[in-house]
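Subject: Handover of a model and the findings from it

Dear colleague,

Please find the structure below, handed over for your own work. My notes on it follow directly after.

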Amino acid sequence: MTKTYIISALVEHKPGVLYKISNMFWRRGFNIESVAIGTAEQEDLARITITIEGDEKDAEQFVGHLEKLIDVLKATRLDPKKAVIRELALVKLKAKDAKMRSDIFHYVDVFRGRIVDVSPETATVEIVGSKDKIDAFISLTKSFGLVEVARTGETALIRGPESVRLDE
Amino acid sequence: MSGAKALVKALEREKVETIFGLPGGAIIPVYDALLDSNIRHVLVRHEQSAAHMADGYARASGKTGVCMATSGPGATNLVTGLVTGQLDSSPMVAITGQVSTPQIGLDAFQEADIISIASPATKYNHQPRSVEEIPPTVREAFFIASLGRPGPALIDLPKDVQVDTAEVEFSDKIRIRGIKPIPTPDNTQIGRVAEMLSEAEKPFILAGGGVIVANASHQLQNLAELLLAPVATSLMGKGVFPENHPLSMGMIGMHGSKEANQIIYDADVLLAIGCRFSDRTTGKLDEFCPAAKVIQIDIDSTEIGKNKCIDAAIVSDAAPALNMLNKALVKKLKHKKKTSWSKKIKEIKEISENKIENSGKELTPPKILRELRRLIPDKSIVTTEVGQNQMWASLYFKALRPRTFITSGGFGCMGYGFPAAIGAKAARPDLPVFDIAGDGSFIMTENSLATSVLEKIPVTVVILNNRMLGMVAQWQRLFFNRRYSAVQLGNVPDFVKLAESYGAQGIRVGSILEFSKAIKTSLKEEVTTVIDVPIDPEENVLPMVPVGYSLKEVIG
Ligand SMILES: Cc1ncc(C[n+]2csc(CCOP(=O)(O)OP(=O)(O)O)c2C)c(N)n1
Ligand SMILES: [Mg+2]
């Protein structure tokens with residue numbers, strides 16, 4: 001059965017590493033939904049969160065192939081029930097008149113987003129949440145006129161004291 | 001100390017004895033430093049051959065093979081050889097020159113981003129940007145190339161870093177944090193597998209190249225004898241189990257023996273060791289041994305269940321896993337009696353061995369290869385090219401010891417066999433080395449004759465000369481209505497004259513008797529020899545399982 005898997009990996013934070021990792025995705029034909037990467041708790045480490053579509057075997061293979069890369073220090077599959085998962089999206093919508101603006105404000109309120117930029121013609125909204133929540137926001141506000149969307153891809157951490165760290 | 005000197009010293013510390021390579025502008029400083037070292041440099045005529053030689057050296061000896069090239073085209077010429085080594089898990093280190101660091105990224109003369117190009121083909125690759133970085137880079141490249149499942153590593157050394165000087169330290173420390181521990185056999189899994197094997201009525205062992213890499217052929221033989229289990233190998237596993245052993249079933253797969261391909265279906269428990277269930281080995285996967293319980297032992301966890309669904313697994317190097325299994329089984333199977341399964345195996349083997357060839361032709365590949373086996377010592381090393389020659393060799397040439405049958409299995413790389421033979425001979429000068437070749441493949445790296453002759457690394461090439469890209473022609477005969485497209489090579493070159501022009505010995509034979517004489521000469525004289533054996537261009541390699549069919553659906 002195909003579903004979405006979230007994999008968290010701790011990798012060397014140095015040039016070329018992202019290339020090598022994405023190379024592996026491509027070579028092995030994995031179905032990648034999103035990749036989010038940034039500096040981790042240590043400056044010389046990056047944490048990379050990858051969501052892939054596939055079945056159980058794909059997820060296992062994916063973690064295995066990631067771990068075979070020497071620039072990857074650790075790779076783990078996260079259980080969505082035991083992880084905090086967030087994505088940030090910036091959504092620029094057409095907002096030409098007062099009615100449109102107030103409708104947009106209404107949705108932003110419901111989704112607990114923020115207006116981060118306004119112009120005479122547009123409003124840019126920041127939404128944080130699960131991928132599904134962002135999908136829902138976009139599909140509801142599309143009718144206003146979607147100008148641009150930028151999404152970070154999901155990033156995640158295990159809930160509670162458990163962790164994916166170098167020293168453990 | 002200069003970067004070039006530091007590199008050479010680091011290679012000496014790794015006990016490198018031989019480097020196969022060809023210089024160019026971006027690596028001259030290293031070549032200069034090599035003059036002051038005891039490391040032997042073997043000059044090739046094409047860098048692809050340098051990589052294949054390093055690979056053949058590694059497979060024959062188990063030691064890491066080293067090849068070297070200049071930047072740009074020199075480096076890219078190595079790539080085919082690196083991928084060949086990667087797919088067959090061969091430990092190699094490639095060293096390439098690179099343009100000077102200020103020029104990197106500017107499309108400088110002979111610049112190639114070899115790190116990116118070779119990235120998918122290497123376990124480790126690094127471009128040291130300072131002299132101090134060279135020794136640890138070398139240490140890590142060698143460490144990783146041979147670690148766990150072996151494979152190629154690449155060191156790309158910019159020219160200015162070769163020339164710069166600095167105080168350098170040599171240490172055995174590995175800086176890399178991402179090295180994962182080598183998996184060791186899990187006791188409960190060993191127990192479970194031992195149980196499954198001891199209860200099996202019709203156990204069958206399928207051994208792959210991983211058992212050779214693990215140097216575990218002895219343990220494999222113990223296990224087979226304990227279980228009275230027949231052993232077949234994949235192409236890569238050939239030699240790991242003596243093919244003249246009463247339990248040997250030879251090779252299974254697309255060009256496996258009919259008997260092995262049939263009998264494996266009767267097994268109730270299939271134990272696969274160091275074998276990745278490649279499509280050429282299993283035929284149509286869904287129909288491969290559907291009734292058997294399948295156990296897999298592999299050091300690479302991503303190979304477990306990658307292709308074939310399995311019932312039990314041990315993630316480990318084959319040697320400790322087999323040691324533990326044997327220990328666990330000795331007690332359980334002390335009084336194992338021959339069963340109807342043993343009888344069946346014996347019968348089937350007799351049928352296959354007593355099959356007489358009824359071809360009236362004088363020089364057929366089976367006859368030639370059986371004769372070769374008869375004449376050369378058991379410990380001789382044989383390499384192959386790719387195509388019909390390779391499949392004939394695997395079917396009819398019995399390999400008796402590990403590391404004596406060397407072939408490009410995963411990549412199927414034409415031109416591999418001859419340079420690999422030279423590499424093997426460089427590693428094992430005490431053993432006779434033969435390349436079983438096709439005419440088409442041999443032409444691809446035939447310029448290695450210069451290396452073989454001038455560097456005095458004598459090997460013998462036996463060309464099964466059908467004047468054809470024979471394997472492609474066979475597919476066109478069988479599956480494309482005999483419509484030959486681009487497979488006729490014509491009767492050029494004259495291989496005898498070609499050999500002679502390089503100062504090698506060239507012999508054309510027209511009968512088995514002449515063939516025997518030529519082989520005996522080559523054994524005695526130890527000079528580079530090319531034996532041209534003209535064969536019928538219409539000859540097929542049979543039996544054959546067409547792509548997409550189960551192993552039971554054999555042609556021929
Ligand atoms: C480098 C490379 N190019 C093309 C092929 C495809 N191919 C596989 S077998 C074969 C024919 C090989 O001819 P030859 O070496 O004469 O061997 P034969 O099959 O005639 O014994 C070809 C072209 C290959 N395996 N490798
Ligand atoms: Mg041919």
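Lys15(B) sits in the loop between helix 1 and strand 1 (18–22) of chain B; helices (H or I, at least four residues) and strands (E, at least two) are DSSP runs, numbered from the N terminus. Although Lys15(B) is not a glycine, its phi is positive, at about 65 degrees. Most residues other than glycine have a negative phi, and most peptide bonds are trans.

As to conventions, this is a predicted model, in which local features need pLDDT of at least 70 and side-chain atom pairs count only at pLDDT 80 or more, while totals for chains, interfaces and linings use all residues. Residues are numbered from 1 along each chain as its sequence is written, chains are lettered from A and ligands numbered from 1 in the order in which they are written, and side-chain values use heavy atoms, with hydrogens and water left out.

Two cis peptide bonds deserve mention. One runs from Val492(B) to Pro493(B), with omega near -5 degrees, and Pro493(B) belongs to the loop between helix 20 and helix 21 (495–501) of chain B. Another joins Leu542(B) and Pro543(B), with omega about 0 degrees; Pro543(B) lies in the segment after strand 18 (529–534) of chain B.

Helix 1 (residues 3–13) of chain B packs against helix 6 (residues 134–146) of chain B at an angle of about 35 degrees, and their axes are 9 Å apart. The axes are lines fitted to C-alpha atoms, for helices over the stretch in contact, and angles run from 0 to 180 degrees between N-to-C directions. From helix 1 of chain B, Gly3(B), Ala6(B), Leu7(B), Ala10(B) and Leu11(B) meet Ile134(B), Pro135(B), Val138(B) and Phe142(B) of helix 6 of chain B (contact means heavy atoms within 4.5 Å). By class, this contact has eight nonpolar, one polar and no charged residues. Here Ala, Val, Leu, Ile, Met, Phe, Trp, Tyr, Cys and Pro count as nonpolar, Asp, Glu, Lys and Arg as charged, and the others, Gly among them, as polar.

Ligand 1 is surrounded by 17 residues, the closest being Gln388(B), Asp439(B), Gly440(B), Ser441(B) and Gly470(B); a residue is near if one of its heavy atoms lies within 4 Å. The shell divides into seven nonpolar, nine polar and one charged residue. Helix 16 (388–396), helix 18 (439–445) and helix 20 (470–479) of chain B each supply at least two of its residues, and helix 18 of chain B gives the largest share, four residues.

Oxygen atoms of ligand 1 take part in polar contacts (pairs of N or O atoms within 3.5 Å). A polar side-chain atom of Asn466(B) lies 2.9 Å from an oxygen atom of ligand 1, and a polar backbone atom of Met471(B) is 2.8 Å from an oxygen atom of ligand 1.

Finally, chain A comprises four helices and nine strands.

Kind regards

Key. A polar contact is a pair of N or O atoms within 3.5 Å; within protein, one must be able to donate a hydrogen and the other to accept it, and residues adjacent in sequence count only if both atoms are side-chain atoms.
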